[in-house]
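Dear colleague,

I am passing on to you the structure that we talked about, and below it you will find some notes on what was found in it. Please read them slowly, with the structure open beside you.

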Amino acid sequence: MIRRLLERRRYMREHRWTHGHLSDYLDDDLSPEERERVEDHVSICPHCRRVLRTLRRTLESLMGLSAEPRPSVADGVIERLRGER
Amino acid sequence: MSAPVGTCDERELVERSQAGDRLAFEELVRRHADRLYAVVLRFVADAGEAEEITQEAFLRAWRSIDRFELRSRFFTWLYRIGINEAKRRAERRPSPGTVGSIEDSPIEEAPDWSDAPEFRAEQGQLRGVLEDAVRALPLEYRAPLILRDVEGLSTQEAAEVMELGEAAFKSRLHRARLAVRRAVDHYYLEAER
């Protein structure tokens with residue numbers, strides 16, 4: 001009983017820690033030990049696994065948002081700068 | 001005789017601008033105006049206002065270029081000026097995206113859409129979901145996400161623009177990412193119903 005309680009507490013601690021470090025994991029901003037910690041938990045937690053996978057897809061898609069064609073605004077800026085003289 | 005401005009690196013252009021060389025500063029404008037405009041556009045209501053803020057940011061940068069310290073990159077300083085002005089204006093127009101809390105916890109019953117073949121940002125509807133989710137973020141969360149994930153600045157550069165320590169910046173970025181991810185959860189959950 002006590003062992004199960006302790007295991008549950010440990011699981012929840014790892015769950016919270018992992019959830020808070022998923023971005024760092026995807027940004028490759030963790031030490032090898034910390035990466036392993038994330039991977040260990042994700043391997044047994046379907047919830048964190050789903051969040052990690054979908055977060056990765058979200059980031060890939062956010063990068064795509066910058067691909068819109070943009071008008072050149074430099075000419076307007078330069079015109080105003082020259083008007084400052 | 002000075003080298004043509006088109007062949008100068010950013011540091012040289014800044015130094016020449018600080019010495020009063022307007023052509024050098026105009027070259028900085030050509031190199032950074034479109035990107036600054038794209039960032040600013042995500043904070044304000046329309047293209048005209050974004051262009052106005054972009055112009056204003058460069059004018060301020062020109063007037064105070066002698067105070068710029070070459071320890072940091074020119075564009076991080078420029079972005080800070082532009083974003084602060086955009087935030088000032090956005091805060092004058094309260095909207096759901098300018099104040100309030102952030103909802104970032106996953107929706108438990110949502111499906112795992114990571115392998116969904118239609119999940120491509122260029123696809124109209126999902127692109128719209130992402131755009132709306134980003135725009136709904138409070139400004140203090142929207143800026144880190146735009147700078148880091150949409151515009152591709154490094155964490156260090158983006159934190160510098162925001163004048164935040166790296167830990168505080170990363171915390172906001174993570175919450176913003178989770179909130180946008182959650183919006184896609186919501187989209188797929190609705191699609192299933």
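**The two domains of chain B**

Chain B is divided into domain 1 (5–92) and domain 2 (124–192), where the bounds come from an automatic or database domain assignment. Please keep in mind that this is a predicted model, in which local features need pLDDT of at least 70 and side-chain atom pairs count only at pLDDT 80 or more, while totals for chains, interfaces and linings use all residues. Residues are numbered from 1 along each chain as its sequence is written, and chains are lettered from A and ligands numbered from 1 in the order in which they are written.

The centres of the two domains of chain B, taken over C-alpha atoms, are separated by 23 Å. Across the boundary, 12 residues of domain 1 of chain B are in contact with 10 residues of domain 2 of chain B, two residues being in contact if their C-beta atoms, placed from the backbone, lie within 7 Å. On the domain 1 side, helix H2 (22–41) and helix H4 (74–92) of chain B are the elements that give two or more residues, and H4(B) gives the most, with six residues.

**Chain B as a whole**

Chain B has eight helices and zero strands; here helices (H or I, at least four residues) and strands (E, at least two) are DSSP runs, numbered from the N terminus. The C-alpha atoms of chain B fill a box of roughly 70 × 35 × 35 Å, taken along the principal axes. Of its 193 residues, 38% count as buried, a term that asks for 20 or more other C-beta atoms within 10 Å of a residue's own, whereas exposed means 12 or fewer and partly exposed lies in between, with C-beta atoms placed from the backbone.

**Where chain A meets chain B**

In the interface, 28 residues of chain A are in contact with 35 residues of chain B. Helix H2 (22–26), helix H4 (46–64) and helix H5 (74–83) of chain A each supply at least two residues of the chain A side, and the largest share of that side, 13 residues, comes from H4(A).

**Two residues with a positive phi**

Most residues other than glycine have a negative phi. Asp28(A), although not a glycine, has a positive phi of about 55°, and its place is in the loop between H2 and helix H3 (32–44) of chain A. Asp28(A) is exposed, with 7 other C-beta atoms within 10 Å. In chain B, Glu163(B) also has a positive phi of about 55° without being a glycine, and it lies in the loop between helix H7 (155–162) and helix H8 (166–192). Glu163(B) counts as exposed, with 11 C-beta neighbours inside 10 Å.

With kind regards
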